[in-house]
Amino acid sequence: MSSAALLQLPLFADPDVAGQWRVRRSARARRLAVRVFRDGGVEIVAPLRVAPPQIGDFIARHRPWIERQLKRTVPVDLSFPPASLALRATAEIWPCDPTVSRVQLVARLKVRAQELFEPQLQQLAQLMGVDFRSLQIRLQRSRWGSCSTRGTISLNCCLLFQRPEVVRYLLVHELTHLRHMNHGARFWAQVERFEPQWRVLDRELSRGWSQVPGWLTARSAP
Ligand SMILES: [Zn+2]
């Protein structure tokens with residue numbers, strides 16, 4: 001039994017909440033964080049050293065915010081397979097075979113994302129005068145991209161469902177992390193040099209999950 005399961009009893013005495021809210025212990029997390037998923041799930045990420053009472057306090061403090069987010073989550077359409085997939089990034093429509101599996105479709109999306117984003121990233125890196133080491137494509141439910149200190153950029157294949165302008169903004173954002181590993185003033189000034197519309201595009205991207213098919217990002221999906 002994981003520590004996450006053990007923690008559920010004292011923290012989530014409310015039976016409605018027990019199944020949907022969970023605590024995940026993380027060796028990598030530096031501070032407590034909470035995520036609200038589109039299917040109504042809530043995940044509290046806790047560093048290993050944080051004691052359960054502190055986690056309880058954190059949840060109590062953030063409960064109003066969590067509940068506001070939950071009210072905003074729209075019921076997700078989980079039906080699978082879809083008749084077709086519309087990729088806004090490429091203006092492609094992919095008709096879906098009724099026998100296609102999730103695994104197959106995810107694999108195809110990852111291949112398409114790699115062949116589309118890699119040259120774009122290379123071009124932008126050149127323009128911005130930075131070098132990245134490699135590109136990884138992943139399927140993630142809570143982040144669009146990341147940049148490691150070693151220069152590896154990860155991009156979410158769900159970006160294929162965003163507009164090309166939004167994708168470009170995220171690439172600029174991640175490439176800027178090669179110079180500034182934070183979201184400080186100098187970071188944003190650098191982003192602005194290459195994407196003056198970053199504020200609007202960043203907001204669009206944070207709402208961008210609504211463009212992603214539910215079956216792709218639901219927690220219950222493989
Ligand atoms: Zn960032």
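Buried means under 20% relative accessible area, exposed over 50%, and partly exposed in between, with a 1.4 Å probe and protein chains only. This is a predicted model, in which local features need pLDDT of at least 70, side-chain atom pairs count only at pLDDT 80 or more, and totals for chains, interfaces and linings use all residues. Residues are numbered from 1 along each chain as its sequence is written, and side-chain values use heavy atoms, with hydrogens and water left out.

**View 1. Glu192 and Arg199 meet in a salt bridge.**
A salt bridge is a side-chain nitrogen of Lys or Arg within 4 Å of a carboxyl oxygen of Asp or Glu. Here the N to O distance is 3.9 Å. Arg199 has a relative accessible area of 48%, so Arg199 is partly exposed. Glu192 is partly exposed too, because its relative accessible area is 36%. The structure holds 10 salt bridges.

**View 2. Arg24 and Glu43 join two strands.**
Helices (H or I, at least four residues) and strands (E, at least two) are DSSP runs, numbered from the N terminus. The salt bridge between the side chains of Arg24 and Glu43 spans 3.3 Å, N to O. Arg24 lies in strand β1 (residues 21–26) and Glu43 in strand β3 (residues 42–47), so the pair links distant parts of the chain, 19 residues apart. Arg24 counts as partly exposed because its relative accessibility is 30%. Glu43, at 4%, counts as buried. Both belong to a network of salt bridges that also includes Arg22 and Arg35.

**View 3. Arg112 forms a salt bridge with Glu92.**
The closest N and O atoms are 2.7 Å apart. Arg112 sits in helix α4 and Glu92 in strand β5 (residues 92–95), 20 residues apart. Arg112 counts as buried, at 19% relative accessibility.

**View 4. Three histidines coordinate the zinc ion.**
Donors are N, O and S atoms within 2.8 Å of the metal (3.2 Å for Na, K and Ca); water is not among the atoms, so sites may look incomplete. The NE2 atoms of His173, His177 and His183 coordinate zinc at 2.0 to 2.1 Å. Along the chain, the donors follow the spacing H-x3-H-x5-H. His177 counts as buried, at 9% relative accessibility.

The buried residues of α6 are Phe187, Trp188, Gln190, Val191 and Phe194. The buried residues pack against α4 (102–128), α5 (164–176) and α7 (198–206). Contact means heavy atoms within 4.5 Å.

**View 5. Three strands form an open sheet in the order β6-β8-β7.**
The pairing is mixed; two strands pair if DSSP finds at least two bridges between them. β6 (134–138) and β7 (145–147) stand at the edges with a single partner strand each, so one side of each has no neighbour in the sheet. Neighbouring strands are turned by 15° against each other on average, direction ignored. Axes are lines fitted to C-alpha atoms, for helices over the stretch in contact, and angles run from 0 to 180 degrees between N-to-C directions. β7 and β8 (residues 152–156) pair in the antiparallel sense over three bridges. Ser146 stands opposite Ser154 in β8. α4 packs on the sheet and touches β6 and β8, its direction making about 150° with that of β6. α5 also packs on the sheet, touching β7 and β8, and its direction makes about 155° with that of β8.
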